[in-house]
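Please open the model in a viewer and keep the selection panel at hand. The stops below are in the order in which to select them.

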Amino acid sequence: MGPAMDEPVIVAARRSAVVPRGGAFAGVELHDLGAAVLHACLDDAGLPADAVDEVICSNAIGEGGNPARLIALAAGLPDRVAGLSIDRQCVGGLDALMLARALIRSGQAQAVVTGGAESYSRRPERRRMGPAGPLAYDQARFTPWPERDPDMSEAAARLAETLGLDRARQEAWAVDSHARARAARERLRREIVPLAGVADDPFTRALTPAVAARAPVLAGTVTTATTAVSADAAAFCLMLSAPLARRLGLTGMRIRAGATRGDRPEMPGLAPVGAARTALETAGLTAADLTTAEVMEAYAVQAIACVEGIGLDPARVNRGGGALARGHPIGASGAILAVRLWHELQAGETGLAAIAGAGGLGTALIFDR
């Protein structure tokens, strides 16, 4: 029995629809959003709630209070499941999977539900105390230095200028993302847990080059059409130890390698490139060995830069569309990439998930079926 056979196994992976802020999930509590998806994972695997040892949840803009614990309680898991919430912004959903893998490999758990949940619609108003009283703010601090802590759209515009990626090319990527998502609508329903009357990603539309060309500019060549909208969603994977999976007769997807890396805070869109190269090297693979890849589309320019920097075949990237066609629920976005791969990969195939985070963070995971 080789090392791969002893790796923890993702035996189920589901997500909610991704709904833009203020939409159908605006009245859904974060813990109810997460609990619905958690239940679907357990049901798919036929695993009873009392078999779960831990829930790990990425959440970046919520109100605190350990959302993972709230989700575990709302889902009816045993009181002993403490819940672990993490905040590494956009990359947290993939980091949650690596934490679950480490927990199981260390022998501290046998069954972990891991992923992310985010509600832009229900996030708290942000204020910090200043010398003259409370000051409202929207973006958290990602470096101690204001001059190295750009607005994310401005950072994307700077990346586009640096790489020479013009507006037309960014718009073409966005148009293609929507087209792929529309074409994949039926198969995407297999991974979506219906909730609040929503069983599809409602933002996906017939975006045309003409419509994209009329989109308002956010910064430089970056527009609202080439930027993922703020959204609400949850996505979880059920990860089991290899012995437990074998005992239950369950198969699935394994993490072959993974890496999280920091990069220049001024250029966060490039951070996944180094993480992906490290993960590929650890796995003994090249980009050409990958069957498919899920690359985060917070901005079209960031996705293009990562695809080219890693050396991916664009035809194998985001086969069911990306975040530009769905939305960006910060803490859940990385987990959505993993769920997408779980449903895209066939036996014997290998995939990559890669995502950038504010402050110059990048996470990449290699998965095997």
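Which residues of H10 are buried? They are Ala300, Val301, Gln302, Ala303, Ile304, Ala305, Cys306, Val307 and Ile310. Buried here means under 20% relative accessible area, exposed means over 50%, and partly exposed is in between (1.4 Å probe, protein chains only).

Before going further, note that this is a predicted model, in which local features need pLDDT of at least 70 and side-chain atom pairs count only at pLDDT 80 or more, while totals for chains, interfaces and linings use all residues. Residues are numbered from 1 along each chain as its sequence is written, and side-chain values use heavy atoms, with hydrogens and water left out.

**Stop 1: helix H10**

Select residues 300–310. Nine of the eleven residues of this helix are buried, so H10 is largely enclosed by the rest of the structure. Helices (H or I, at least four residues) and strands (E, at least two) are DSSP runs, numbered from the N terminus. Just after the helix, Gly311 has a positive phi of about 90°.

**Stop 2: H9 against H10**

Keep H10 and show H9 beside it. The two helices pack at an angle of about 35°, with their axes 9 Å apart. The axes are lines fitted to C-alpha atoms, for helices over the stretch in contact, and angles run from 0 to 180 degrees between N-to-C directions. From H9, the contact is made by Pro272, Val273, Ala276, Arg277 and Leu280; from H10, by Ala305, Cys306, Gly309 and Ile310. Contact means heavy atoms within 4.5 Å.

**Stop 3: salt bridges**

How many salt bridges does a search of the whole structure find? The search finds 21, each being a side-chain nitrogen of Lys or Arg within 4 Å of a carboxyl oxygen of Asp or Glu.

Arg169 is partly exposed at 40% relative accessible area, and Glu308 is partly exposed at 47%.

Next, select Asp44 and Arg14, whose side chains form a salt bridge (2.8 Å, N to O). Asp44 lies in helix H1 (residues 30–45) and Arg14 in strand S1 (residues 9–15), so the pair ties together parts that are 30 residues apart in sequence. Asp44 is partly exposed, at 44% relative accessible area, whereas Arg14 counts as buried at 13%.

Then go to helix H11 (residues 330–344), which holds both Arg340 and Glu344, four residues apart, about one turn of the helix. Their closest N and O atoms are 3.0 Å apart in a salt bridge, and both residues are buried. Salt bridges with shared partners join Arg15, Arg187, Glu191, Asp201, Glu294, Arg340 and Glu344 into one network.

**Stop 4**

Select Trp342: Arg369 lies over its face, 4.4 Å from the ring centre. A charge sits over a ring if NZ of Lys or CZ of Arg is within 6 Å of the ring centre and within 35 degrees of the ring normal.

Finish at Phe142, in the loop between strand S7 (133–136) and H4. Leaving aside neighbours within four places in sequence, Phe142 is in contact with Gln89, Asp149, Ala358 and Gly359.
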